[in-house]
Amino acid sequence: MENLNFRYYLKIEFSEPVKNHRFTVKCIPQSDERQFIEEKSIQIFPNESLCEGNDSFGNCCIFGNADLPHQLFEVEVSGHAKVGLASYTKVRPNYQISIFRYQTEYTKPGNQLNQFFSEIDFDRCDTNLEKSKKIMQNVYKKFSYKKSITNISTTAEQALELGQGVCQDYSHIMIALCRMANIPARYVVGMLVGEGLSHAWVEIEDNGYWYGLDPTNMLIVNDHHIKISHGRDYKDCTINQGLFIGNAVQQQTISVRVDRT
């Protein structure tokens, strides 16, 4: 078990004043079997009208309206986390497992993924977890970490063809391969000690439990990872979504800090 302090900071600067800003913020970690979140603070500006709720996956969301003109939007979420309390989280509710079996726009396989999958040797892999570890090892060997090669719209098939990418790409490739092996798999966004930005990894289902695997670092998710949200792919876990009235250019800054206490 590890005790961690965390801070997630998002700033959007508008080149001109905007109004009637409707937004959804999804960067708030929750407690589960694996982590316990305490001393949580959520600061949002503008904060004219805010409410808290959950999306269809159970992720914590802040919904807000900012009708008055503004040129700055800020979100800061901080707190303390006890992580590594367990190696899994329980599947709940059970009927939701099925939606994580099907490919999405980001994970749909083509020639590259089909060829890669055919080369994976699952000999002596009897459980979903054992098969997923084998997939993670193969992805880590075949794929290389490099920034600015891909973007938020890059699919698993496209990233694999490039052979390089970031944590989003590692996760989409692994999710695609797991689903090809009939393993329910979901995309996770969270924070990692020493990362500086948000991080992505994968959770797979085995016998009623979700287990986290980090293909970017070839790790079983441990007491350095703080989970924020999960979904079918990157799109379900978008940190900030919104609409506004105004002809403005946006400049976004994200900063993440996770420190051992």
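Tutor: We'll take a helix pair, then a histidine, then the cores.

Tutor: This is a predicted model, where local features need pLDDT of at least 70, side-chain atom pairs count only at pLDDT 80 or more, and totals for chains, interfaces and linings use all residues. Residues are numbered from 1 along each chain as its sequence is written, and side-chain values use heavy atoms, leaving out hydrogens and water.

Student: At what angle do α2 and α4 pack?

Tutor: Helix α2 (residues 128-142) and helix α4 (residues 167-180) pack at about 135 degrees, their axes 10 Å apart. Axes are lines fitted to C-alpha atoms over the stretch in contact, and angles run from 0 to 180 degrees between N-to-C directions.

Student: Which residues make the contact?

Tutor: From α2, S132, I135, M136 and V139; from α4, Y170, I173, M174, L177 and C178. Contact means heavy atoms within 4.5 Å.

Student: New topic. Is H172 buried or exposed?

Tutor: H172 counts as buried, at 0% relative accessibility. Buried means under 20% relative accessible area, exposed over 50%, partly exposed in between (1.4 Å probe, protein chains only). H172 is in helix α4.

Student: What does H172 touch?

Tutor: Y106, T107, T154, A156, Y187, D233 and Y234, not counting residues up to four places away in sequence.

Student: And the largest nonpolar core: which residues touch the most other members?

Tutor: Y8, F73, I173, I204 and I226, out of 60 residues. Such a core is a set of buried Ala, Val, Leu, Ile, Met, Phe, Trp, Tyr and Cys residues joined through side-chain atoms within 4.5 Å.

Student: Which strand gives the most to this core?

Tutor: Strand β1 (residues 2-25), with 9 residues.

Methods: Helices (H or I, at least four residues) and strands (E, at least two) are DSSP runs, numbered from the N terminus.
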